[in-house]
Amino acid sequence: MKEQTLKELYANLTPNEQANMIRFFGAKLFVKPMTAIYYLQGYRPVPQLKRPVLAEYAEKTYAVKLKFS
């Protein structure tokens, strides 16, 4: 399993996978699409409470261990 930041993971996804990731943020992390894009592109840090859910999703779906700075 490779280790990547959220920004690196998002950049390597296909457009369809990127849309699915944004939908995940809305459904499970309860943020608006624009906020999700800010998180995914590295403009805003992901809050501590949302990180475990996001890390679990990335591991199950993309086989990537997320590293948060």
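## Guided tour

Start at Tyr 43, in the loop between α3 (33–40) and α4 (51–62). Helices here are DSSP runs of H or I with at least four residues, strands are runs of E with at least two, and both are numbered from the N terminus. The model is predicted: local features need pLDDT of at least 70, side-chain atom pairs count only at pLDDT 80 or more, and totals for chains, interfaces and linings use all residues. Numbering runs from 1 along each chain as its sequence is written, and side-chain values use heavy atoms, leaving out hydrogens and water.

**Stop 1: the patch**

Stay on Tyr 43. Is this residue buried or exposed? Tyr 43 has a relative accessible area of 60%, so it counts as exposed (buried is under 20%, exposed over 50%, partly exposed in between, with a 1.4 Å probe and protein chains only). Together with Tyr 43 they make a nonpolar surface patch of about 350 Å². Patch members have over 30% relative accessible area and no salt bridge; nonpolar side chains (Val, Leu, Ile, Met, Phe, Trp, Tyr) are joined within 5 Å, like charges within 9 Å. Areas come from the Shrake-Rupley method with a 1.4 Å probe, and for residues only the protein chains shown count as cover.

**Stop 2: the pocket**

Select Arg 44, also in the loop between α3 and α4. Arg 44 is partly exposed, because its relative accessibility is 41%. What is the volume of the largest pocket? The space in it is about 220 Å³. It is lined by 13 residues, and the closest to its centre are Arg 44, Pro 45, Val 46, Phe 68 and Ser 69. Colour the lining by class: six residues are nonpolar, three polar and four charged. (A pocket is an open set of points on a 1 Å grid over the protein atoms alone, where a 1.4 Å probe fits, with protein on both sides within 12 Å along at least five of seven lines; lining residues have an atom within 4 Å of a point.)

**Stop 3: the salt bridge**

Select Glu 56 and Lys 60. They form a salt bridge, with the closest N and O atoms 3.0 Å apart (the rule is a side-chain nitrogen of Lys or Arg within 4 Å of a carboxyl oxygen of Asp or Glu). The count by this rule is one. Both residues lie in helix α4, four residues apart, about one turn of the helix. Glu 56 is partly exposed at 44% relative accessible area, and Lys 60 is exposed at 65%.

**Stop 4: positive phi**

Most residues other than glycine have a negative phi. Jump to Phe 30, in the loop between α2 (15–28) and α3. Phe 30 is not a glycine, yet its phi is positive, about 55 degrees. Its relative accessibility is 68%, so Phe 30 counts as exposed.

Next, select Ala 63, in the loop between α4 and β2 (64–66). Ala 63 also has a positive phi of about 55 degrees without being a glycine. With 42% relative accessible area, Ala 63 is partly exposed.

**Stop 5: two last distances**

Pick Gln 41, in the loop between α3 and α4. Gln 41 is partly exposed at 31% relative accessibility.

Finish at Ala 27 in helix α2. Ala 27 is exposed, at 51% relative accessible area. Ala 27 and Thr 5 are 22 residues apart along the chain, and their C-alpha atoms are separated by 21 Å.

Definitions and conventions:
Points joined across faces, edges and corners; volume = space filled by probe spheres on them. Nonpolar A, V, L, I, M, F, W, Y, C, P; charged D, E, K, R; others polar.
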